[in-house]
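Hi there,

Here is the structure I said I would pass on. Have a look at it first, and then read on for what turned up.

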Amino acid sequence: HEDPGCFTILYQDEVRGLEVHKDDQWIPIAPSKDKLIVNIGDVIQVLSNNKFKSTTHRVVRPSETNRYSYSFFYNVHGDKWVEPLPQFTKEIGESPKYRGFLFEEYHQLRFRNRSHPSARPEDLIHITHYSISN
Ligand SMILES: O=C(O)CCC(=O)C(=O)O
Ligand SMILES: [Fe+2]
């Protein structure tokens, strides 16, 4: 999945599990007691008009042990309008790749993914829900 907000700071102590998707591969992120992991979320992807990509990640929890992971989700308030910023669009001659939306609206759509899981993966809501196809 991709985190819906701005960015997420993660701390996973000694038990592995977090994997990041890159170049068609799942790459395990080694746990470390003295490292923080920062994932970019969908809001940054939209504001930057795809200059920054939200991290696709998953957790494959080892079955033999408990795993603790601490997340800090940095989000905008629900009433904030999210759309590609002028610095990443008209000021550099690029057209917006997303239409604007209220953060709360997207957050609720994403919550529905979990509370009413869809039978077909393509029916789950991602940030591409707001994509503008030119
Ligand atoms: O458990 C983790 O390390 C990651 C959790 C996560 O991806 C999330 O809460 O969005
Ligand atoms: Fe996540």
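Which residues are around ligand 1? Please keep in mind that this is a predicted model. The shell consists of His1, Asp3, Leu10, His57, Val59, Arg67, Ser69 and Phe73. Sorted by class, three of these residues are nonpolar, three are polar and two are charged. Two strands each supply at least two residues of that shell: S5, which covers 57-59, and S6, which covers 69-74.

An oxygen atom of ligand 1 lies 2.7 Å from an N or O atom in the side chain of Arg67. For the side chain of Ser69, the distance from a ligand oxygen to an N or O atom is 2.8 Å, and for the side chain of His57 it is 3.0 Å. On its own, ligand 1 has 300 Å² of accessible area, and the protein covers 81% of that. As for the space that ligand 1 takes, it is the second largest pocket.

Now to the backbone, where two residues may interest you. Most residues other than glycine have a negative phi. Asp24 is not a glycine, yet its phi is positive, at about 65 degrees. Asn49, also a residue other than glycine, has a positive phi near 55 degrees.

Where do Asp24 and Asn49 sit? Asp24 is in the loop that joins strand S2 (18-22) to strand S3 (25-28). Asn49 belongs to the loop between helix H1 (42-47) and S5, and S5 is one of the strands that supply residues to the shell around ligand 1.

Finally, the overall picture. The chain has 134 residues, of which 32% count as buried. Two helices and eight strands make up its elements, and their order from the N terminus is β-β-β-β-α-β-β-β-β-α. Along the principal axes, the C-alpha atoms fill a box of roughly 50 × 35 × 30 Å.

Best wishes

Conventions
Residues numbered from 1 in each chain as written. Chains lettered and ligands numbered in written order. Predicted model: local features only at pLDDT ≥ 70, side-chain atom pairs only at ≥ 80, totals over all residues. Heavy atoms only, no water. Near = heavy atom within 4 Å. Polar contact = N/O pair within 3.5 Å; in protein donor to acceptor, adjacent residues only side chain to side chain. Areas by Shrake-Rupley, 256 points an atom, 1.4 Å probe, with all protein chains shown as cover. 1 Å grid on protein atoms, 1.4 Å probe; cavity = no way out; pocket = protein on both sides within 12 Å on 5 of 7 lines; lining within 4 Å. Sits in = over half its atoms within 2 Å of the grid points. Helix = DSSP H or I, 4+ residues; strand = E, 2+ residues; numbered from the N terminus. Nonpolar A, V, L, I, M, F, W, Y, C, P; charged D, E, K, R; others polar. Buried < 20%, exposed > 50% of the residue type's maximum accessible area, 1.4 Å probe, protein only.
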